[in-house]
Amino acid sequence: MWIRGIEQTRKVLGYVWTHPANRKNPLGAVLRAATFQLRGRLTGRPTVATIGTSAKMLVELHCTAGSKVLYANPPDWSEMWAWRRILRPGDLFVDVGSNDGAYALWAAEVGARVIAVEPDPDAATRLRRNITLNRFPIEHLQCALAAEPGRMTLTSGNDTTNHLLVREEGTGTVVDVRTLDDVLGPDRAVGVKVDVEGAERLVLAGACRALAEQRIGVLQLEWNQLSERTLGETRAPLLEMLRGYGYQVRRPDQQGRLHPTEAREYGPDLFAVAGTWPNA
């Protein structure tokens, strides 16, 4: 067990030391991370971390999403800076799989109207606490999104990797399910981030009207092999769906600028841009 602990510490230190957010003061970032770990182990209390310029998050030990914010602000460097280039005050941003709310707070800080979707009870509690801490106009929906409304089982106790049980056997928490079309209604979302551990295609299958009318300007989608576990498929059907609705696929550089990509293989999160989007 202690060997595993050493390996985990090595990974965290490597992440902190090499992250672009910490390039000006990597030693200070390592000290901040060490202080967080020590405080959490000695007192069990959360630490206040900054996300963006002034938004705050309460970060608990062993909660991956919040810890990443404390280790590096912003944690998803290229992706989050892309949203800073895209979003403007008053824009609608939907954060599907919000977890502790890092993306929701990041978007709300620039004045976007945010809907944060998070079904997991533990993560939802932390999300609501962070919303209250900042008093941003963020609406939290405690439900999952999928192709059809109803109820489904969500795994539990897996931190940021909880996911809907679509084809696997298992137990978990029964959660309410809505569709993205229902959440949006007639509104237009400038941005939608979808991070649901492999079930991203199900979320978009429930957004047929919005996608057909290109009322979602830009989508951010996880693009790893988890779709094989959750849905039993690669990302190819999702890519075909996006292109069928006239969306172009891109990835951000470290300045947040979006560049065309083929997305034939797994890799960093993918951005899909509506053909009607300015400068698409």
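**Close-up views of a predicted model**

**Figure 1. A salt bridge between Glu233 and Arg201.** Glu233 and Arg201 form a salt bridge in which the closest N and O atoms are 2.4 Å apart. The pair links distant parts of the chain, 32 residues apart: Glu233 is in the loop between helix H10 (226–230) and helix H11 (236–244), and Arg201 is in helix H8 (residues 200–205). A salt bridge is defined here as a side-chain nitrogen of Lys or Arg within 4 Å of a carboxyl oxygen of Asp or Glu. Helices (DSSP runs of H or I, at least four residues) and strands (DSSP runs of E, at least two) are numbered from the N terminus. The model is predicted: local features need pLDDT of at least 70, side-chain atom pairs count only at pLDDT 80 or more, and totals for chains, interfaces and linings use all residues. Residues are numbered from 1 along each chain as its sequence is written, and side-chain values use heavy atoms, with hydrogens and water left out. Glu233 is buried, with a relative accessible area of 18%, whereas Arg201 counts as partly exposed at 22%. In these legends, buried means under 20% relative accessible area, exposed over 50%, and partly exposed in between (1.4 Å probe, protein chains only).

**Figure 2. The cavity lined by Glu233 and Arg201, among other residues.** The structure holds one cavity of 30 Å³ or more, and the volume of the largest cavity is about 30 Å³. Its lining consists of Gly198, Glu200, Arg201, Ser227, Leu231, Glu233, Thr234, Arg235 and Leu238. By class, two of these residues are nonpolar, three polar and four charged. On a 1 Å grid over the protein atoms alone, a cavity is a set of points where a 1.4 Å probe fits but cannot get out, while a pocket is an open set with protein on both sides within 12 Å along at least five of seven lines; lining residues have an atom within 4 Å of a point. Grid points are joined across faces, edges and corners, and a volume is the space filled by probe spheres set on the points. Ala, Val, Leu, Ile, Met, Phe, Trp, Tyr, Cys and Pro count as nonpolar, Asp, Glu, Lys and Arg as charged, and the others, Gly among them, as polar.

**Figure 3. Two further salt bridges, from a total of 13 in the structure.** Side chains of opposite charge can pair when their charged atoms come close. Arg129 and Glu60 meet through their side chains at 2.9 Å, N to O. This pair also links distant parts of the chain, with Arg129 in helix H6 and Glu60 in the loop between strand S2 (55–59) and H3, 69 residues apart. Arg129 is partly exposed at 28% relative accessibility, as is Glu60 at 26%. Arg178 and Asp182 form a salt bridge of 2.8 Å, N to O. Arg178 is partly exposed at 29%, and Asp182 is partly exposed at 41%.

**Figure 4. The largest pocket.** About 740 Å³ of space lies in this pocket. Among its 41 lining residues, Gly97, Thr160, Lys193, Asp195 and Glu197 are the closest to the centre. Helix H3 (64–71), helix H5 (102–108) and strand S6 (144–145) are the elements that give two or more residues to the lining, and H3 gives the most, with three. The lining comprises 17 nonpolar, 12 polar and 12 charged residues.

**Figure 5. The second largest pocket.** This pocket holds about 530 Å³ of space. It is lined by 20 residues, and Gln8, Thr9, Val12, Gln37 and Tyr71 lie nearest its centre. Helix H1 (2–18), helix H2 (26–43) and H3 each supply at least two lining residues; H1 provides the largest share, seven residues. Nine residues of the lining are nonpolar, seven polar and four charged.

**Figure 6. Strand S11 and its partners.** Five of the six residues of strand S11 (residues 247–252) are buried, so the strand is largely enclosed by the rest of the structure. Strands pair if DSSP finds at least two bridges between them. S11 runs antiparallel to strand S13 (residues 270–274), joined by four bridges, and Gln248 stands opposite Val273 in S13. Three bridges join S11 to strand S12 (residues 258–260), also antiparallel, and Arg250 stands opposite Pro260 in S12. S11 and S12 form a hairpin with five residues between them, and Gly256 in the turn has a positive phi of about 85°.
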